[in-house]
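The tour goes from one selection to the next.

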Amino acid sequence: LREAASLSFNKAHYLKDELLKIKGFSLLYNGEFFNEFVTKTPINSAELSKTLIKYDILSGLPLEEDTMLWCATEMNSKSQIDELVAAIKEVCA
């Protein structure tokens, strides 16, 4: 359990760091988090989610027009996270 928790924490923080490198993404809440966090999105979050499905990628959960809940667990690989981020960069370009 300790290893799963550590992997989840580290992967979620890696995802957050990578998303924040994309113009227009920012954290909605600046507090500490474990494996889930909310970002503002530069484009409509529901549209982003729909578009990522075309890449066979399950996105975060759209909350409002410009906010999305993201989660990473021990089951997500770094390459999957990198693929998600690359697809988002392409969609937001």
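How many aromatic pairs does the structure hold? In this predicted model there is 1 aromatic pair. Select Phe-33 and Phe-37: their ring centres are 5.1 Å apart and their planes meet at 45°, so the pair is tilted.

Next, select Ser-45, which lies in helix α2, residues 45-53. Is Ser-45 buried or exposed? Its relative accessibility is 1%, so Ser-45 counts as buried; the cut-off for buried is under 20%. Now show what surrounds Ser-45. Beyond its neighbours within four places in sequence, Ser-45 is in contact with Pro-62, Leu-63, Glu-64, Glu-65, Asp-66, Thr-67 and Met-68.

Move on to helix α3, residues 78-92. With 15 residues at 1.5 Å a residue, α3 should span 21 Å, and the distance of 21 Å between its end C-alpha atoms agrees with that. Colour the buried residues of α3: Ile-81, Leu-84, Val-85, Ala-87, Ile-88 and Val-91. Look down the axis of α3: these buried residues fall within an arc of 160°, so they line one face of the helix. An α-helix has 3.6 residues a turn, so residues three or four places apart point the same way. On the other side of α3, select Ser-79 and Glu-90, which are exposed.

Last, what covers the buried residues of α3? The cover includes α1 (2-19), α2 and β4 (67-71).

Methods
Residues numbered from 1 in each chain as written. Predicted model: local features only at pLDDT ≥ 70, side-chain atom pairs only at ≥ 80, totals over all residues. Heavy atoms only, no water. Phe/Tyr/Trp six-rings, centres within 6.5 Å; stacked < 30°, edge-to-face > 60°. Helix = DSSP H or I, 4+ residues; strand = E, 2+ residues; numbered from the N terminus. Buried < 20%, exposed > 50% of the residue type's maximum accessible area, 1.4 Å probe, protein only. Contact = heavy atoms within 4.5 Å. Expected span 1.5 Å × (residues − 1). Arc of directions from axis to C-beta.
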